[in-house]
There are 2 protein chains.
Amino acid sequence: MLRGGPGSTAGVKKGPFLPDVAVVGAGPVGLAIAWRCAQRGLRVVVHDAAPGSGASHVAAGMLAPVAEAYFGEHELTGLLVESAARWPGFAAELAAAAGTGIGHRTDGTLVVGLTADDLAEARRLWTYQQGLGLPITPLRPSALRDREPALAPRVRGGAVAPGDHQVDPRRLVTALRAAAERAGVGWRPDAVGDLSEVDARVTVVAAGCGAAALTGLPVRPVKGQLLRLRAPGRGTPGFRHVIRGYADGEPVYLVPRDSGEVVVGATVEERADTEVTAGAMLRLLRAAVDLVPELAEYDLVEASAGLRPGTPDNAPIIGALPGRPGVLAATGHHRHGIVLTPVTADLVAELIVTGEPDPLLAPFTPDRFTGAVRTALASEEETCD
Amino acid sequence: MLRGGPGSTAGVKKGPFLPDVAVVGAGPVGLAIAWRCAQRGLRVVVHDAAPGSGASHVAAGMLAPVAEAYFGEHELTGLLVESAARWPGFAAELAAAAGTGIGHRTDGTLVVGLTADDLAEARRLWTYQQGLGLPITPLRPSALRDREPALAPRVRGGAVAPGDHQVDPRRLVTALRAAAERAGVGWRPDAVGDLSEVDARVTVVAAGCGAAALTGLPVRPVKGQLLRLRAPGRGTPGFRHVIRGYADGEPVYLVPRDSGEVVVGATVEERADTEVTAGAMLRLLRAAVDLVPELAEYDLVEASAGLRPGTPDNAPIIGALPGRPGVLAATGHHRHGIVLTPVTADLVAELIVTGEPDPLLAPFTPDRFTGAVRTALASEEETCD
């Protein structure tokens, strides 16, 4: 088992009643790590004053390795694909372990463009995705409308990514808490302000944006605003695919749930507040109604904002923290926390048990930011002087 | 004092401990009637399970006899003007009696049009209002912008109604409750389902939409949706006038408050639900941001819907109920409940004390709907068979 990294025991805590693993942060990533570790026979505690209250509380839950494959993020795309492949098994195992569903749906995703310009933008991206060998197929307008008659007649065209699915992040957190608890995970309802407060052989920092203050890692908040609609009269939404589109230059996604809910998101803002603004709501509503006109008749039930844990290269930070024996990071998942939950949990649990990082983790280890960590810690020290 | 109408004592209740007046409904109209009656020395009780929870809770509080003077509503306009003239004295007296402000502001109202079509629509109405001798003055675009630089450069033109003011309806309810309580009014926190449950010499039905079930009067719910924004950073809004405009055919009003709040309203829908819909929010936000672009940066703090008590002629119903001795109505104020509060309270208190209706009330008495009342009661009896 990993104890402060290969060849080092400095700083590793010991004691007969010490937990094997303490996870700081009870979002999906932290909870799934705790669950996986407990399944491997480790004694695990999770620290969080408000489980599930971070980015996951507002996340849409798209499992979209294909539609989220952006230019220049080749290694991240590989991890997204790997984690998405683990999702069906993860979802089934979790639902069985927790005794509760998580809204895993496999209807696929449509990528659409409202205007000719929007379609050109969408096509540019899916052509890149096709070039990577990812499963996305352009559709003729008639085929697009056959698949989803709720789309506005104005929509110029699109493509289908049949393997891009969805899950309900709030139900995911509920299920992970139940599964972790059944597996013997303990809870500490406290807000960890410093890692010295945590007693365990290995500490996993899965605190989202909070990881920056705890570790010095370059994780920054990236604000996202979104809203939740509900189909009128307790009905289900009039469309089944996740719809991702561009509407007069505005990117928007629409995620329909069996409950009748439709999540409409999301802004991407370099801000750290969680205010809901009139302008963001206007842009999201306009884009949503332009793509699927029937949404105008839906009830508006929630408007909210959350903070994604962003990193300099948009990829997560997973692995042992340099110079901090016994401390692992699993943070910086940015827009991809839900889809990356299974692979992150699997690989972190494996790393803790074996002490050896899986090769899949190589591009995502904290040491790629070691200079940045030093700088952040140094500037923190300066601030504290 | 009025006891069941001139020449009749049938059905009038008696007893040494009986209140003189029972008011059913603790909205602004009911509370102001109770306050005025208590000031006249009457023993008053108010029945309401949820005071201030009706139309006033979402109302914007515009005191706009001029901008609300519509074609074919000449008599209603007269009452609006009369009540608006009473507002400054009423506001000062109430603030002193309650020891709390009500957000009465006298910055005036701008009526504007975004496009040439919108301006033509606005001009058609203010020309009519000018023809009635009401104080509304067209402004050149430069003069409009001098008065309110926050208006979008696109706004084509407008007019100013300097006497159309505003008050904060939620603070109004709070103040009226305090003033009424200090004047000796008693409270019954019950939902009145039938007037036989009410013991008093005179009963005033000021129950908004609830008056229909209690009296058979033709009062119907007219849904209004609106939203509340807040200037960022605890600032005050960047404009001081109430702004009423048309934006690409969408009528909208913007009411700035000292607290930083801006009320944006409102839809007018023949529906009885209070759901907030995506389409209504989209239309209101678009119109608001088109007229005053800085609103895009404001926080969205509330989206809500309420039910106005509408009547067949859009005018209120104030006076003795035919065939129901000792029962008065003060309901059906539709879009005008706040502005009409002072005159309604004054005239109803006077009617109760003297037994004689003021001539001002002549166009608004319940007997103009006597046929409708009979029909409604008859159909109710049929339903109950």
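These legends accompany close-up views of a predicted model.

**View 1. Where chain B meets chain A.**
Let's start with the contact between the two chains. Chain A brings 17 residues to the contact, and chain B brings 17 residues as well. Together the chains bury about 1,400 Å², with 69% of that area on carbon and sulfur atoms. On the chain B side, look for B:A278, B:L282 and B:L300: these three supply 36% of the area that chain B buries against chain A, more than any other three residues.

**View 2. Polar pairs and salt bridges between the chains.**
How many salt bridges are there between chain B and chain A? The count is zero. Polar contacts between chain B and chain A come to six residue pairs, counting pairs with both residues at pLDDT 80 or more.

**View 3. The side of chain B that touches chain A.**
Two elements of chain B, α8 (278–291) and β14 (299–310), each supply at least two residues of this side. The most comes from α8(B), which gives seven residues. Sorted by type, the residues on this side of chain B are 11 nonpolar, two polar and four charged.

**View 4. A closer look at B:R105.**
You will find B:R105 in the loop that links α3 (74–98) and β4 (109–113). Is B:R105 buried or exposed? B:R105 counts as buried because its relative accessibility is 8%, and buried means under 20%. Leaving aside residues up to four places away in sequence, B:R105 touches B:H165, B:Q166, B:R240, B:P256, B:R257 and B:D258. A polar atom of the B:R105 side chain lies 3.3 Å from the backbone oxygen of B:P256.

Terms used. Residues numbered from 1 in each chain as written. Chains lettered and ligands numbered in written order. Predicted model: local features only at pLDDT ≥ 70, side-chain atom pairs only at ≥ 80, totals over all residues. Heavy atoms only, no water. Contact = heavy atoms within 4.5 Å. Buried area = accessible area lost by both parts, 1.4 Å probe. Salt bridge = Lys/Arg side-chain N within 4 Å of Asp/Glu carboxyl O. Polar contact = N/O pair within 3.5 Å; in protein donor to acceptor, adjacent residues only side chain to side chain. Helix = DSSP H or I, 4+ residues; strand = E, 2+ residues; numbered from the N terminus. Nonpolar A, V, L, I, M, F, W, Y, C, P; charged D, E, K, R; others polar. Buried < 20%, exposed > 50% of the residue type's maximum accessible area, 1.4 Å probe, protein only.
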